[in-house]
Amino acid sequence: MKSTKKTHDFKALDLKVNKDSVSPHVIYFKEHTVREHTSDKPSGRTLFIINVPPYADERGLTNAFREAGKVVSVILTSRPNSSETKIDTFLGEPTKSASFKVCYLVFSKVADLDKALKLTELQPMNSSEHQIKVGISKWLDEYNNSIQHPKALKSKIESFMQDYDKKMASQQEQEKELEKEDDEGWVTVTKGGKIQSFARTEKVKNKIMEKEEKNKKRKELKNFYTFQIRESKMKHIVSLRQKFEEDKKKIAQIKQSRRFKPF
């Protein structure tokens, strides 16, 4: 029995793997209409399909809508208006999610989209040139494809690590440039947070203490408050007294050694 019911502007049709399929899945589709269209989903030529079963692939969906016209591209995503970003990996393609998907079917002409919306029955996904594998044969293919040759895997790992090292080196250089103080003494805080730890030797500690003392002296306001002026005068008097006592001791030592020549 053909299923041609409509649900909130969606049209529903049975998606069969073969002509003899007894229990097909029902997919819902309509014209893709959004405010801002992108180049990969052009306006007037894109069909929006939901409830796509996990076993359906790009070639199978193209076969299902082949009576409407030529299909230019098929975009399968997990959620509407989401772009599936590819992750750099050297272990092959990630395993596909066994959940229902969303599809964007792009036709070559606007008339082809109109034909697709008027369809009363979909063609089976399998054809003489393409067969969807299910069950044990599918699992065997997925397992065999997941195993890579050691030499090919080694070359992939080496190229992956070279790209990663270059990327990390450029990031570290950028962070070092940002961590430098500007003319006003400001330091940009990077996303890396604190600077990486290092060995706290005596030399390193002294450098840190000297830097802190310099920063304190630079930030300190000299002779700004009354108590600072009073303390600076007291310190100056104390230093003069100490110098006077030191000079008296030097004169006494010279007298004792009989080298005192005032004139």
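Find Asn 51, which sits in strand S4. When I say strand or helix, I mean a DSSP run, numbered from the N terminus: at least four residues of H or I for a helix, at least two of E for a strand. The phi angle of Asn 51 is near 65°, a positive value in a residue other than glycine. Asn 51 is partly exposed, with a relative accessible area of 29%. On that scale, buried means under 20% relative accessible area, exposed means over 50%, and partly exposed is in between, using a 1.4 Å probe and protein chains only.

Two housekeeping points. This is a predicted model, so to speak: local features need pLDDT of at least 70, side-chain atom pairs count only at pLDDT 80 or more, and totals for chains, interfaces and linings use all residues. Residues are numbered from 1 along each chain as its sequence is written, and side-chain values use heavy atoms, with hydrogens and water left out.

Now zoom out. How many helices and strands are in the protein? There are six helices and six strands, and along the sequence they follow the pattern β-β-β-β-α-β-β-α-α-α-α-α. Of the 263 residues, 21% are buried. The protein exposes about 21,600 Å², and carbon and sulfur atoms supply 53% of that; the areas come from the Shrake-Rupley method with a 1.4 Å probe, and for residues only the protein chains shown count as cover.

Next, contacts, meaning heavy atoms within 4.5 Å. Among contacts in the protein with a separation of 6 or more, 65% are between residues 24 or more positions apart.

Back to the strands. Two strands pair if DSSP finds at least two bridges between them. Strand S2, residues 10-15, and strand S3, residues 25-31, run antiparallel and are joined by five bridges. Within that pairing, Leu 13 stands opposite Ile 27 in S3, and Leu 15 stands opposite His 25. S2 is mostly covered, with six of its six residues buried. On its other pairing, S3 meets S4, residues 46-52, in the antiparallel sense over four bridges. There, Phe 29 has Ile 49 in S4 as its bridge partner.

What about the inside? In soluble globular proteins, nonpolar side chains tend to be buried together. Here, the largest nonpolar core has 25 residues, and those with the most contacts inside it are Leu 47, Ile 49, Leu 61, Phe 65, Leu 105 and Phe 107. S2, S3, S4, helix H1 (58-64), strand S5 (71-77), strand S6 (101-107) and helix H2 (110-117) each supply at least two residues of this core. By nonpolar core I mean a set of buried Ala, Val, Leu, Ile, Met, Phe, Trp, Tyr and Cys residues joined through side-chain atoms within 4.5 Å. Click on Leu 47: leaving aside neighbours within four places in sequence, its contacts include Phe 29, Phe 65, Leu 105, Phe 107 and Leu 113.

On to charges. The structure holds two salt bridges, each being a side-chain nitrogen of Lys or Arg within 4 Å of a carboxyl oxygen of Asp or Glu. In one, the side chains of Glu 129 and Arg 59 meet at 2.9 Å, N to O. Glu 129 lies in the loop between H2 and H3 and Arg 59 in helix H1, so the pair ties together parts that are 70 residues apart in sequence. Glu 129 counts as exposed at 66% relative accessibility, while Arg 59 is partly exposed at 37%. Another salt bridge joins Asp 141 and Lys 133, at 2.5 Å, N to O. Asp 141 is partly exposed at 27%, and Lys 133 is partly exposed at 46%.

Where is Arg 66? Arg 66 lies in the loop between H1 and S5, and it is partly exposed at 37% relative accessibility. Leaving aside neighbours within four places in sequence, Arg 66 is in contact with Gln 123 and Pro 124. The C-alpha atoms of Arg 66 and Pro 124 are separated by 9.8 Å, with the two residues 58 apart along the chain.

Last stop, the surface. Trp 139 is in helix H3, residues 136-146, and is exposed, with a relative accessible area of 58%. Together, Ile 136, Trp 139 and Leu 140 make a nonpolar surface patch of about 380 Å². Patches are made of residues with over 30% relative accessible area and no salt bridge, with like charges joined within 9 Å and nonpolar side chains (Val, Leu, Ile, Met, Phe, Trp, Tyr) within 5 Å.
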